[in-house]
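Thanks for making time this morning. I would like to walk through one structure with you, going from the overall picture down to a few individual residues.

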Amino acid sequence: MTDLPEGVHRFADSEQARFPSTARLFDYWQGTLRDGVPIQRTEIDPAAIRDVLPFLLVGDIEPEPFRVLFRLVGTAVADFSRQDFSGRYLDELVYSARDSLDWSDCYRFVHAERCPVIGVNHLHYTDGRVNSYEFAILPLSRGADPAGSFVSTEAYDDFDRLQIPDIQPVKRR
């Protein structure tokens with residue numbers, strides 16, 4: 001089993017969420033489970049979660065070699081990351097100056113344990129300030145793999161959009 005980073009936990013109940021958008025996505029995801037198995041990425045109904053679409057990331061988890069592909073990055077995530085990394089792999093991105101987490105550890109846990117996680121990421125500004133946001137990563141099925149894809153959310157509810165230029169950007173390798 002892969003260990004979870006500090007501040008990241010198994011996500012078992014929407015009551016764990018601090019923000020309505022995180023709870024909303026979890027409730028939607030939980031409501032789509034079939035005998036405990038997540039739906040396929042292609043079965044997500046965007047109309048059912050319209051209010052959280054800007055905060056979503058959707059992609060695939062490739063087990064060998066381990067890689068995470070971001071197929072779709074919501075507009076709010078792209079804004080706060082200061083780039084749209086749709087179509088990119090996690091290992092093609094440099095986020096260590098911006099984020100407190102090693103995202104690979106979170107995705108490895110979701111894939112290995114086939115369960116969702118919720119946590120807090122500390123976001124670093126160019127002037128040294130730090131703010132945090134809540135995130136969740138929920139597994140989706142891909143083929144015979146019940147955690148081969150994912151949908152995740154980043155809750156930027158407490159952020160001032162005017163401060164986006166002050167946030168360290170996610171960069172490409």
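I will begin with the chain as a whole, then turn to one helix, and finish with some loop residues.

Please keep in mind throughout that this is a predicted model. The chain has 3 helices and 9 strands, and if we read from the N terminus onwards the order of the elements is β-α-β-β-α-β-β-α-β-β-β-β. The radius of gyration comes out at 15 Å, which is close to the 16 Å that the globule rule gives for 173 residues, so the chain is as compact as a globular protein of that length. Along the principal axes, the C-alpha atoms fill a box of roughly 50 × 35 × 30 Å.

How much of the chain is buried? Buried residues account for 49% of the 173 residues, and the accessible surface amounts to about 8200 Å², with 48% of that surface belonging to carbon and sulfur atoms. If we take the contacts with a separation of 6 or more, 58% of them are between residues 24 or more positions apart. As for charge, there are 19 positive and 28 negative side chains, and the centres of these two sets lie 6 Å apart.

Let me now turn to helix α1, which covers residues 20–32. Which residues of α1 are buried? They are S21, T22, A23, L25, F26, Y28, W29 and T32, and the elements that cover them include the strands β2 (56–63), β6 (117–124), β7 (130–142) and β8 (145–155).

The next stop is D99, which sits in the loop between β5 (93–94) and α3 (103–113). Is this aspartate buried or exposed? Its relative accessibility is 7%, and since the cut-off for buried is under 20%, D99 counts as buried. Beyond its neighbours within four places in sequence, D99 is in contact with N121, H122, L123, H124 and Y133.

Most residues other than glycine have a negative phi, and most peptide bonds are trans. Against that background, the peptide bond from E64 to P65 is cis, with omega near -15°, and P65 itself is found in the loop between β2 and β3 (66–73). R82, in the loop between α2 (75–81) and β4 (88–89), has a positive phi, near 65°, and at 38% relative accessibility R82 counts as partly exposed. R114, which is found in the loop between α3 and β6, likewise has a positive phi, in this case about 55°, and with a relative accessible area of 40% R114 is also partly exposed.

Finally, there is G143, in the loop between β7 and β8. With a relative accessible area of 59%, G143 is exposed.

Terms used:
Residues numbered from 1 in each chain as written. Predicted model: local features only at pLDDT ≥ 70, side-chain atom pairs only at ≥ 80, totals over all residues. Heavy atoms only, no water. Helix = DSSP H or I, 4+ residues; strand = E, 2+ residues; numbered from the N terminus. Expected span 1.5 Å × (residues − 1). Buried < 20%, exposed > 50% of the residue type's maximum accessible area, 1.4 Å probe, protein only. Contact = heavy atoms within 4.5 Å. Rg over C-alpha atoms; globule rule 2.2 N^0.38 Å. Areas by Shrake-Rupley, 256 points an atom, 1.4 Å probe, with all protein chains shown as cover. Lys, Arg positive; Asp, Glu negative; His and termini not counted. Charge placed at Lys NZ, Arg CZ, Asp CG, Glu CD.
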